[in-house]
Amino acid sequence: MLAVAAAGPLDALKRARLELLRAQIGFHLTRDSDVPGRLLDAAKMLAPLDTALSRETYLHALDAAVINGGDDATHIAAAALAAPPAEVPARPVDLLLDGLATTLTGDTRREHPGYGAPLKRFATARTQILGGTVTATAGCGWPAAAQ
């Protein structure tokens, strides 16, 4: 099916989503060492087209890198911090991405506009999760509370 989709006329967003889908399939089928890089490439392609999906893809790339081990996680974290910022107010997935990326890079001086008290937001999100309001982001394993 992906080959059929790729053969058709695709605009930039559709091509980026196709690459994301290929990388996600690779993650779920093989967990190959190239999957984090493929997810990172998809996130970069999505950045100017769909910021929210791009940030979810950066988080998925971090997830894959952590699972695979190696140095990819730090590289992906740095790329995520250099990507377009989250919309304000930030979604819990944005707080998680920026928190993980900041921790992995050691860049604790970085300011995250609009994030005032991320721990308070996570506490609120945890309450929503425990209350049954849960969504998974971009098909990856990091849960985030629905807004």
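Biologist: Which pattern does the protein chain follow along the sequence?

Modeller: As this is a predicted model, local features need pLDDT of at least 70 and side-chain atom pairs count only at pLDDT 80 or more, while totals for chains, interfaces and linings use all residues. Residues are numbered from 1 along each chain as its sequence is written, and side-chain values use heavy atoms, with hydrogens and water left out. The protein chain has seven helices and two strands, which are DSSP runs numbered from the N terminus (helices H or I, at least four residues; strands E, at least two). Read along the sequence, they give α-α-α-α-α-α-α-β-β.

Biologist: How are helix 2 and helix 3 oriented to each other?

Modeller: The axes, lines fitted to C-alpha atoms over the stretch in contact, with angles from 0 to 180 degrees between N-to-C directions, come within 9 Å for helix 2 (residues 12–29) and helix 3 (residues 35–46) and cross at roughly 160°. Angles over 145 degrees count as roughly antiparallel, under 35 as roughly parallel, 65 to 115 as roughly perpendicular and the rest as oblique. Helix 2 and helix 3 are therefore roughly antiparallel.

Biologist: What share of the 147 residues of the protein chain counts as buried?

Modeller: Buried means under 20% relative accessible area, with exposed over 50% and partly exposed in between, using a 1.4 Å probe and protein chains only. By that cut-off, the share of the 147 residues that is buried is 37%.
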